[in-house]
Amino acid sequence: MAHTRVLVVGAGPTGLALALRLARLGVRPRIIDKHAGVQELTKSAALHARTLEHLRDLGAAHDILEQGQQVDILRLRTGHRDRIAVDFRALAGTAFPFMIDIPQSRTEHILLDRLAAAGVAVERETACTGIEHSAEEVRATVSTPEGATSVITADWLVGCDGAHSTVRGLVGAEFPGGTYADDWVLCDAEADWPLPRNEMTFSGDTDGIYGVFPLPGQRRYRLAYTRNHRSDGTPVEPDLADAQRALARTGIEGTVESVGPFWTFNLAHRQADRYRHGRVLLAGDAAHVHTPFGGQGLNLGVGDAMNLGWKLAAVATGSAPEDLLDTYEAERHPVAAEVIAFTDLGARAMLLRGDPRRHLRDTVLPAMHALRPARSTLAR
């Protein structure tokens with residue numbers, strides 16, 4: 001029976017950042033993941049200023065900047081008209097007054113390289129199937145790539161295993177919230193798009209939302225849109241023609257020239273009631289999920305990892321008492337609650353469709369754009 005001070009379940013950006021943070025602080029974790037490798041088609045693409053600061057602390061920012069696409073402006077359009085442009089170049093007090101668009105899979109590969117350099121490898125095709133925890137340790141039952149089962153004992157276990165977290169279910173954590181009526185479609189594409197490459201766009205009209213995010217590589221974009229339906233209410237299977245038809249929601253003349261695989265998904269807004277259950281903690285999407293409005297999901301998870309990482313290292317090495325870990329939930333739970341509320345408001349505002357309140361929205365957004373303090377606040 002193997003023992004480790006910290007077992008990290010899930011090797012997405014949150015789990016990788018946490019494992020790397022621990023390793024750099026002298027605590028070598030074990031990190032397991034049920035998948036055979038990095039999942040190439042993933043929702044997240046945008047990295048914000050604070051996350052870039054975290055990645056700099058992890059030694060990964062240089063590669064992220066080199067391989068990503070800088071985005072200075074988030075443009076919101078409704079009814080085929082520009083309403084507000086959020087300019088991140090106005091951000092003060094950061095070395096990164098911009099966003100970086102980069103596929104999540106690339107971010108994961110970069111973090112994996114840094115983790116390997118620290119002497120830690122992800123144990124692939126290894127799933128956590130059971131958890132027993134006492135006042136002294138956690139016993140995790142895991143399935144191995146060979147189809148056998150084994151037990152890993154750990155001083156601490158952190159569930160970073162996503163929105164459908166097995167760890168969250170095993171400890172019985174409540175995950176209250178709700179879902180949205182709209183399904184979404186996601187794909188990476190080559191497109192003839194007239195806006196500057198340093199802008200990302202969210203557009204909404206009476207048919208739904210369409211997001212266009214520039215990716216590294218000329219003419220490469222991430223497209224995300226609310227799913228089209230036929231007149232009888234059945235959903236349209238996405239293809240090149242469907243992506244092009246939905247592009248009309250922007251009111252901008254562009255052409256989707258080729259697309260990669262499509263991914264359809266549902267959205268929810270949920271948050272775990274508690275992030276700590278004895279010696280088991282939750283982070284990232286295992287602790288909270290929300291809409292992609294503003295592209296904050298991955299960023300929120302990395303923030304969790306950085307906050308929890310140094311505290312867990314201090315407790316694991318005996319340099320701090322266990323109750324230091326209580327400050328993780330106290331500090332990060334309100335942050336996630338605020339992000340969930342903001343992204344829920346933004347998504348609902350963009351999806352008003354025939355609601356007469358859309359006229360108020362279309363009046364308020366340009367008024368905010370006219371006020372520099374309002375633009376600065378929104379950028380922060």
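**Close-up views of a predicted model**

**View 1. Gly254 sits in a loop between a helix and a strand.** Gly254 belongs to the loop that joins helix 6 (240-246) to strand 16 (255-259); helices (H or I, at least four residues) and strands (E, at least two) are DSSP runs, numbered from the N terminus. This is a predicted model, in which local features need pLDDT of at least 70, side-chain atom pairs count only at pLDDT 80 or more, and totals for chains, interfaces and linings use all residues. Residues are numbered from 1 along each chain as its sequence is written, and side-chain values use heavy atoms, with hydrogens and water left out. Gly254 is buried, at a relative accessible area of 11% (buried means under 20%, exposed over 50%, partly exposed in between, with a 1.4 Å probe and protein chains only). Setting aside neighbours within four places in sequence, Gly254 is in contact with Asp192, Trp193, Pro194, Gln244 and Leu247, where contact means heavy atoms within 4.5 Å.

**View 2. Ile110 is a buried residue of helix 4.** Helix 4 covers residues 104-117 and includes Ile110. With a relative accessible area of 2%, Ile110 is buried. Beyond its neighbours within four places in sequence, the contacts of Ile110 are Ala60, Asp63, Ile64, Gln67 and Ile102. Gly301, 191 residues away in sequence, has its C-alpha 16 Å from that of Ile110.

View 3. The structure holds 0 disulfides, a disulfide being a pair of cysteine sulfur atoms within 2.5 Å. Cys128 is buried, with a relative accessible area of 7%. Cys187 is buried too, with a value of 0%.

View 4. The protein contains 10 helices and 20 strands. Its radius of gyration is 21 Å, close to the 21 Å from the globule rule for 380 residues, so the protein is as compact as a globular protein of that length (the radius is taken over C-alpha atoms, and the rule is 2.2 Å times the number of residues to the power 0.38). Along its principal axes, the C-alpha trace spans about 60 × 45 × 40 Å. Of the 380 residues, 53% count as buried. Among contacts with a separation of 6 or more, 70% come from residues 24 or more positions apart.
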